[in-house]
Amino acid sequence: MSTSRQEIAVVAGAGPGLGAALARKFAREGCAVALLARSADFLSALAEELRGTGARALPVPTDLTDAGAVASAFARVRGELGPVSILINHVGSAAWGGFSELTVEGFQSSWERCALAAFLCCKQAVPDMLTGGGGNILFTGATSSIRGRKGAPAFSSAKFAVRGLADALARELWPQGVHVAHIVVDGIIDTAAVRAEMSSTASEPLLNPDEMAETYWALTRQKPSAWTFELELRPKGEAFFV
């Protein structure tokens, strides 16, 4: 991929925590950043923060499960920033609860917010990358992407679907110069909300979102002769190697 032009990075699912950390990291590295999510107020505030550092940032409130809305969002990104060269699929919300409590609507919604949203964003970004000679697509996964989680069949099945999508796209797009990678987040991300919910005596190590963002960026700098498809991010601690 040519480096003569500014890279345009789309963070799909730019919420507090890792989503915001990814936006800040990629902006610091010189990318123009488009922020896609439902929360208009949060996106506006984050974009203003990034612009304050001299970055080009575009907040685009979007229902990422709606094909028309996603197409319109990417059209706006192309019009105001340029063709997309980096896509981070970071949407991952789902219905929680065991199988007996799970509804058809909850199961379907979980799939839509994870797998369908990622698919819709890829459909919009991939043509830009192929035309531009390459690009990067990063998928945020979870422990549940590779191991079912008791009490969370909706989330587990949705994340399995995301991993399958990433794997299939990697096999198809790598030969065409598009690096597709899947990041398994095996742990709890350190955010203000998480700390508020954890007890004062909790000792479980947490993942630092800013440090996680460093790994995402490093994946986009890999050389084609040694691309990574999948890696796991874990905080230090023996509990994660049992």
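Predicted model: local features only at pLDDT ≥ 70, side-chain atom pairs only at ≥ 80, totals over all residues.
Biologist: At what angle do α1 and α7 pack?

Modeller: Helix α1 (residues 18-28) and helix α7 (residues 209-220) pack at about 50°, and their axes are 8 Å apart. Helices (H or I, at least four residues) and strands (E, at least two) are DSSP runs, numbered from the N terminus. Axes are lines fitted to C-alpha atoms, for helices over the stretch in contact, and angles run from 0 to 180 degrees between N-to-C directions.

Biologist: How are α1 and α7 oriented to each other, then?

Modeller: They are therefore oblique to each other. Angles under 35 degrees count as roughly parallel, over 145 as roughly antiparallel, 65 to 115 as roughly perpendicular and the rest as oblique.

Biologist: Which residues meet there?

Modeller: Residues of α1, including L18, L22 and F26, meet residues of α7, including M212, Y216 and W217. Contact means heavy atoms within 4.5 Å.

Biologist: Let us change topic. Which residues touch the most other members of the largest nonpolar core?

Modeller: This core has 40 residues, and L36, F74, V77, L87, I137, F139 and V180 touch the most other members. A nonpolar core is a set of buried Ala, Val, Leu, Ile, Met, Phe, Trp, Tyr and Cys residues joined through side-chain atoms within 4.5 Å. Helix α4 gives the most to this core, with eleven residues.

Biologist: What does F74 touch?

Modeller: Beyond its neighbours within four places in sequence, F74 is in contact with V10, L36, V84, L87, C121, Q124 and A125.

Biologist: And H90, buried or exposed?

Modeller: H90 is buried, with a relative accessible area of 16%. Buried means under 20% relative accessible area, exposed over 50%, and partly exposed in between (1.4 Å probe, protein chains only). H90 lies in the loop between β4 (86-89) and α4.

Biologist: Where is W111, and what does W111 touch?

Modeller: W111 is in helix α4 (residues 104-132) and is partly exposed, with a relative accessible area of 41%. Not counting residues up to four places away in sequence, W111 touches L116, A158 and A161. W111 and A158 are 47 residues apart in sequence, yet 4.8 Å apart in space, C-alpha to C-alpha.

Terms used. Residues numbered from 1 in each chain as written. Heavy atoms only, no water.
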